[in-house]
Amino acid sequence: MSHPTATASSPAAASSAPAAEPAPVIEITGLSKRYDSGFEALKQIDLEIRRGEIFALLGPNGAGKTTLISIICGLVNASTGQVKVDGHDNVSAYRAARAKIGLVPQELTSDAFETVWNTVRFSRGLFGRKPDDAHIERVLKSLSLWDKRKNKLITLSGGMKRRVLIAKALAHEPEILFLDEPTAGVDVALRRDMWEVVRELRASGVTIILTTHYIEEAEEMADRIGVINRGEIVLVREKQALMRQLGSKQLTLQLQQPLASVPPALAHYPLSLDEGGSVLVYTYDASDPNAQGQVPISTLLNDIEAAGIRFKDLHTKQSSLEEIFVNLVRERQ
Amino acid sequence: MNLQAVRAIYCFEMARAGRTLLQSLVSPVISTSLYFVVFGAAIGSRIQEVEGVSYGAFIVPGLIMLMLLTQSVSNASFGIFFPKFTGTIYEVMSAPISYFEIVLGYVGAAASKSAVLGLVILGTANFFVDLHILHPFMMLLFLVLTAITFSLLGFIIGIWADSFEKLQLVPLLIITPLTFLGGSFYSIDMLPEVWQAVTLANPVVYLVSGFRWSFYGISDVSVTASLIMVFVFLAVSLAVVNWIFRTGYRLRP
């Protein structure tokens, strides 16, 4: 099994596209941020976001996710480094860069006494687009907000307010959408609805960058995963490749009779006992059956039977993205 | 120039005033009427004329200036403070809009509201006293320049303030006292000599005096001094706003 940190040292390399692929829609080079308090939120970040992908940025609290998004969107000034949005520098050519971006912030901020329709319309104007009521209508309908268009924001539930924030971010037809913790505090049904909305947006060509605490969310939606910890990009990888390469698999056998220890005949296998010796656990790399010291499952099962061990049940489990993430962050600490 | 954005901010702010008509228009008009009753009728009956102008008419420019200063500061400070307070400022700061355009939208709306209010108060005053305006163009110039300048000051206060208490601090402790002591309800000549000299250090004296001159041709200080003071205020406010945006003070860390 490859070690997580082996890929972490060169995230940019891991994310670099083959020559045939289009230019990245966002290019971040040498980005760092040190606040006046002295806190170093970002350290020399290099990152490329591909056009049309869903990129999930994972990281524990205070890792630098929101700071990174804030710098790209123009809310925070970088200390060093450069951000290019579709080729436009986000400082010297801020108008062109920001016009392409829609941002859904983490906090449920809203003009409490404004109506849904007016606040979304305001957002479109703010981004320099001429009024287009047909587009606003389409956006509101796609987010199931059409019936609420005359409601004041103060009367809406948290989930609906979150939808309004997405509608505001989409009002000016952005090519890139940042979703900072989009489903925080949203119930499961609404979360799945939101995932559907995000998928539809991606299908329409919008590049989506989302930060999330819900690993399930990244596992469900992302094309690529970036992990940030203590202001550094620890890893950037295709989700499937990440899960294949860093995810281990476990075979668990429920024994008929508990064992005091693993029999010497099986000592050369990476076996362990659990639950007072009544469960035998075999951890292996499913992505590489020919890995050193690894034998086919059938051979292991034959050896177990030959050792006189009887089992009443067995099941296998693939490690989730959450476990991969937790392991990565723990190793870094 | 992102005119759509300026228009969006301007209309959004004006619509907010429309929703709070009682607070933004009716309340100042009632306050002004009360001033007329108390100062104009009660005190005015004991002071016949000031420099040839009836006391009721004399206090009109001062009253308009009082409302203009307080409402400009209040409108503009609240206009930018509220998005900061609720967090919706993120949208303005992430939009493809320049600092100048942000100021134009917020300060333009605040100044428009207070200038309209000034004219409404002028109309209200007309019910109580006979008014005549000697220099209408200069009157409008003073009105508009003062509205813009103090809206800029309000904008600065709104960015500086990080609590509702601070938001009220400058208007309550500085603007209102300076206006009351700035000759709104009296001529400086009516004060003892020592206080006349002290009063000249109050910048509001120059605004009230110039504005009153545009009505009746009488002033405590020269019109040129008044105009210079308005432009100095304007220049200082613009310089501070420019510094705020250049450094990102309390807006863009």
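I first looked up the salt bridges between chain B and chain A and found a count of 3, a salt bridge being a side-chain nitrogen of Lys or Arg within 4 Å of a carboxyl oxygen of Asp or Glu. I noted that this is a predicted model, in which local features need pLDDT of at least 70 and side-chain atom pairs count only at pLDDT 80 or more, while totals for chains, interfaces and linings use all residues. Residues are numbered from 1 along each chain as its sequence is written, chains are lettered from A and ligands numbered from 1 in the order in which they are written, and side-chain values use heavy atoms, without hydrogens and water.

One salt bridge that I looked at joins Glu101(B) to Arg95(A), with the closest N and O atoms 2.8 Å apart.

For the extent of the interface, I recorded that 25 residues of chain B are in contact with 29 residues of chain A, contact meaning heavy atoms within 4.5 Å.

Tyr55(B) and Phe58(B) form a stacked pair, at 6.4 Å centre to centre with 20° between the planes. I also noted a cluster in which ring pairs link Tyr99(B), Tyr106(B), Phe155(B) and Phe245(B).

How values were computed: Rings of Phe, Tyr and Trp (its six-membered ring) pair if their centres lie within 6.5 Å; planes under 30 degrees apart count as stacked, over 60 as edge-to-face and the rest as tilted.
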